[in-house]
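Biologist: I have a new structure to read. Where do I begin, and how do I read each feature?

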Amino acid sequence: MIKPVPEISHRFFCLVLVLLTAGLSAPAAAEPCDPEESKWVPTRYYPAGAAVFHKGSWYESRELHEGLEPGITFDWKELDSVPDCEGRKQPVDQTRAGDGQKGTEAGAGQTVGKSKRGETSSGMCVRPDPWLFSRSYTVGSLVTHGGQIWEAIRATNGDMPGMNKPPRWQLVEDHCSLEGRQ
């Protein structure tokens, strides 16, 4: 026959079990951001929540932007302490085609030689949606505008294809929907 455990021992055992469980599930202390690795760079895009170190202070981006200097514009919020960079959104360096040169890498859905860009796995050609002023586009987004197909080479919000310097869009000449046109 099993003897009952005295109530004090049972409570002690439960307390130890709770403390062990809490200790195992506690997250490790995150490391603060490194000022050298987090320096502000004017040619990078900073998403909302990105942290930078600039002129002796830490700043957090309020929204997606490029080239806006911390401490001068409303797009940055000055922080009171060194932020935790673990899990924080990082800046995006979008200089691949910032000088207007065409990228040479084959991206998703592209092949070298005869293009299959824009085709589904079954071979059906899918034409991109029309460009909309009210929509934000990420790098690699495809749109139609002015009878042509454009690819976003920088994150963009309201920038009309073919209109900005440095350019935000580049013409796509190898899309399946353009085959047969000359």
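Modeller: Begin with one residue. Ser 177 lies in the segment after strand S11, which spans 169–171. Keep in mind that this is a predicted model.

Biologist: Which side chains make a polar contact with the side chain of Ser 177?

Modeller: There are two to look at. Another goes to the side chain of His 175, at 2.9 Å.

Biologist: Which residues does Ser 177 touch, not counting residues up to four places away in sequence?

Modeller: Ser 177 touches Cys 125, Arg 127 and Ile 149 on that count.

Biologist: Let me step back. How many helices and strands are there in the protein chain?

Modeller: The protein chain has one helix and eleven strands. Read from the N terminus, the order is α-β-β-β-β-β-β-β-β-β-β-β.

Biologist: What share of the residues counts as buried?

Modeller: Of 182 residues in the protein chain, 29% count as buried.

Biologist: Now the confidence. What pLDDT does the protein chain average?

Modeller: The average is 74, and 66% of the residues score at least 70. Over residues 94–115, the pLDDT is below 50. That stretch still has 37 contacts in the model beyond near neighbours in sequence. Where pLDDT is low, the predicted coordinates should not be read in detail.

Biologist: Let us take a strand. Is S3 mostly covered or uncovered?

Modeller: Strand S3 runs over residues 57–61 and is mostly covered, with five of its five residues buried. Check each face in turn. Ser 57, Tyr 59 and Ser 61 are buried on one side. Trp 58 and Glu 60 are buried on the other.

Biologist: In which sense do S2 and S3 pair, parallel or antiparallel?

Modeller: S2, residues 51–54, pairs with S3 in the antiparallel sense over four bridges. Follow the partners. Ala 51 has Glu 60 as its bridge partner in S3. His 54 has Ser 57.

Biologist: What lies between the strands in the hairpin of S2 and S3?

Modeller: Two residues sit between them, and in this hairpin Lys 55 takes a positive phi near 50°.

Biologist: How many bridges join S3 and S5?

Modeller: Three bridges, again in the antiparallel sense, with S5 covering residues 76–78. Ser 61 stands opposite Trp 76 of S5.

Biologist: Next, rings. How do I describe an aromatic pair, and how many are found in the whole structure?

Modeller: A pair of aromatic rings is described by the distance of the centres and the angle of the planes. The search of the whole structure finds three pairs. One of them joins Tyr 46 and Trp 76, at 5.2 Å centre to centre with 65° between the planes, which is edge-to-face. This pair links distant parts of the chain: Tyr 46 is in strand S1 (residues 44–46) and Trp 76 is in S5, 30 residues apart.

Biologist: Why do these two residues count as buried?

Modeller: Buried means under 20% relative accessible area. Tyr 46 counts as buried because its relative accessibility is 0%. Trp 76 is buried too, because its relative accessible area is 4%.

Biologist: Where does Arg 62 lie relative to Phe 74?

Modeller: Arg 62 lies over the face of the Phe 74 ring, at 4.3 Å from the ring centre.

Biologist: Let me compare two residues. Is Val 172 buried or exposed?

Modeller: Val 172 is found in the segment after S11. Its relative accessibility is 4%, so Val 172 counts as buried. Its C-alpha atom is separated by 6.4 Å from that of Glu 151, 21 residues apart along the chain. Beyond four places in sequence, Val 172 touches several residues, including Leu 142, Ile 149 and Leu 178.

Biologist: Is Glu 36 buried or exposed?

Modeller: Glu 36 sits in the loop between helix H1 (7–25) and S1. Glu 36 counts as exposed because its relative accessibility is 57%. The side chains of Glu 36 and Lys 39 are joined by a polar contact of 3.3 Å.

Note on methods: Residues numbered from 1 in each chain as written. Predicted model: local features only at pLDDT ≥ 70, side-chain atom pairs only at ≥ 80, totals over all residues. Heavy atoms only, no water. Polar contact = N/O pair within 3.5 Å; in protein donor to acceptor, adjacent residues only side chain to side chain. Contact = heavy atoms within 4.5 Å. Buried < 20%, exposed > 50% of the residue type's maximum accessible area, 1.4 Å probe, protein only. Pairing = 2+ DSSP bridges. Phe/Tyr/Trp six-rings, centres within 6.5 Å; stacked < 30°, edge-to-face > 60°. Lys NZ or Arg CZ within 6 Å of the ring centre and 35° of its normal. pLDDT = per-residue confidence, 0-100.
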